[in-house]
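Notebook open, structure loaded. I'm jotting down what I look up as I go.

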Amino acid sequence: MKRYNKITAIMSLLMAASALTACNGNQENKQHYENKVFILGKVFMHDMRIDREENVTSMERELSVGIAKPEGLDIDIVFEADPQLLGTYRKAYYDPDALLLPSEYYDLSNAQAVIREGAVESNPVTIEFTKLDELDIDDNKHYVLPVSIRTKEIGILNGARTVYYVFKKADLINVVADINKNMCWPAGGPEVPASRITDDYYKGMHDWNNSEPFKDLETFTIEALVMLSSYKSTDIQAGIQTIIGIEQCFLLRVGDANLSNTQLQVAVAYTHPDSVDDEKLSNPNMKMKLGQWYHIAVTFDKGMCYVYMNGVEVGSQEFTVIKSVDFSAYRSDENNGQPRCLWVGHSYDIGGRDRYLDGRISEIRMWNRVLTLDEIRSENHFYRIAPLSEGLIGYWKFNDGGFNGATTAKDYSIYGNDMQFHHAPKWINVEIN
């Protein structure tokens, strides 16, 4: 797994050098040098992963420009391809084999923006990339397109005048979601009525699009690709990290009372008027190391539960308190006696929503059948499956990316229960094969 942080450091140095040049100028020209046009954003290199299996034919990306202080005139900006910077990219990224993206694969004809008089930011401009299914790309061949800004009215900040779009063949997984202090739930349906939302934290929540396939399941499989970033506290409340499930029903989590905060656990319960009967499955074979990806599969068959980590059976138990699980409860904030709901990265409020998952997630799936060990171990199964697979009732890849501050994760199953985040997660570029 790799990250591309080189450009951030390079741009920071260039911007610092530009600022130093401005400071060395005379007082009369100080304003001119400081108030330069620049491309808005923290990242100036964008990975454009082309997934042949998903038949990607086109992509769009938005760009805007800004200035530090308003000017007394309109500033017209043009975005244009800058082929002469191919060599600069190759050196900056130690990527001597990168090829220039041919002109037939992009359209910059309408890539013009304006910073209006008195404003500090332009309208967004859409960069269109087309016919990508025809691009000759493989493990050893990739392309880059430098796009720079041009204007006549004001100077341009050298460290932020160009972005690089890099086109590569997609890995099995290229984007994941970091959901530290965040959470999400199956949505896709109408906004939840105010009568079910008594806590402002949950306002704007949406209900299931179709919860029927998740109702009263006697057999099912839950899968998740998870990486922990920290073990958190050893305190019973703050130390628990929820992956997916329903509190006091069926829950996959890390840590618990009298349990190592490194250890995976399946907790189940049956609630009745007088008390809660619960059972838990965990053992030392279910420990998770920080910074390591784990494919977790939990199968359930009328009470019989098996746990697999990276295709290896690590625990099993027959639960007596439940023989089926209803994941379909209508969406609410769980206050005032409302039913507990299915969450990812959250399970129960203890005065601060501290049972969040400090980690990254990908490839969460729910099935209405028990997957066999051969299916779990099949080639590339940890990283992707066919959306029309038999018995698949929920499939969230969490690869939606943060290009427009995405706050949802698409459901690739046929039921359309897109996951809704409480707030935009941090989308992480990765290379997982």
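This is a predicted model: local features need pLDDT of at least 70, side-chain atom pairs count only at pLDDT 80 or more; totals for chains, interfaces and linings use all residues.

**Gln-265.** Gln-265 belongs to strand β19, which covers residues 259-271. Which side chain does the side chain of Gln-265 make a polar contact with? I found Asp-256, at 3.1 Å. Leaving aside residues up to four places away in sequence, I also listed what Gln-265 touches: among them are Leu-251, Leu-252, Arg-253, Lys-280, Leu-281 and Met-286.

**Aromatic pairs.** Next I went through the rings, and the count gave me 18 aromatic pairs. I looked up Tyr-202 and Trp-343: their ring centres are 5.8 Å apart with the planes at 50°, so I logged the pair as tilted. Where do the two sit? Tyr-202 is in the loop between β14 (188-191) and β15 (206-208), while Trp-343 is in strand β24 (residues 343-344), so this pair ties together parts 141 residues apart in sequence. I checked burial for both: Tyr-202 counts as buried at 3% relative accessibility, and Trp-343 is buried at 0%. I noted as well that Tyr-202 and Trp-343 form one aromatic cluster with Trp-185 and Tyr-201.

Then I took Phe-220 and Phe-250. Their ring centres are 5.1 Å apart and the planes are at 80°; the angle is over 60, so the pair goes down as edge-to-face. Phe-220 is in strand β16 (residues 219-228) and Phe-250 in strand β18 (residues 250-256), so the pair ties together parts 30 residues apart in sequence. Both Phe-220 and Phe-250 are buried.

**Charges over a ring.** Which ring does the charged end of Lys-410 sit over? I got Tyr-412, with the charged end 4.6 Å from the ring centre. Lys-397 also turned up over the face of Tyr-412, at 4.4 Å from the ring centre.

**Strand β29.** I wanted to know how many of the 7 residues of β29 (residues 426-432) are buried. The answer is 5, so I'm calling the strand mostly covered, with buried meaning under 20% relative accessible area. For its pairing, I found 5 bridges joining β29 to strand β12 (residues 173-178), and the two run antiparallel. One bridge I looked up by residue: Ala-177 has Trp-427 in β29 as its partner.

Definitions and conventions. Residues are numbered from 1 along each chain as its sequence is written. Side-chain values use heavy atoms; hydrogens and water are left out. Helices (H or I, at least four residues) and strands (E, at least two) are DSSP runs, numbered from the N terminus. A polar contact is a pair of N or O atoms within 3.5 Å; within protein, one must be able to donate a hydrogen and the other to accept it, and residues adjacent in sequence count only if both atoms are side-chain atoms. Contact means heavy atoms within 4.5 Å. Rings of Phe, Tyr and Trp (its six-membered ring) pair if their centres lie within 6.5 Å; planes under 30 degrees apart count as stacked, over 60 as edge-to-face and the rest as tilted. Buried means under 20% relative accessible area, exposed over 50%, partly exposed in between (1.4 Å probe, protein chains only). A charge sits over a ring if NZ of Lys or CZ of Arg is within 6 Å of the ring centre and within 35 degrees of the ring normal. Two strands pair if DSSP finds at least two bridges between them.
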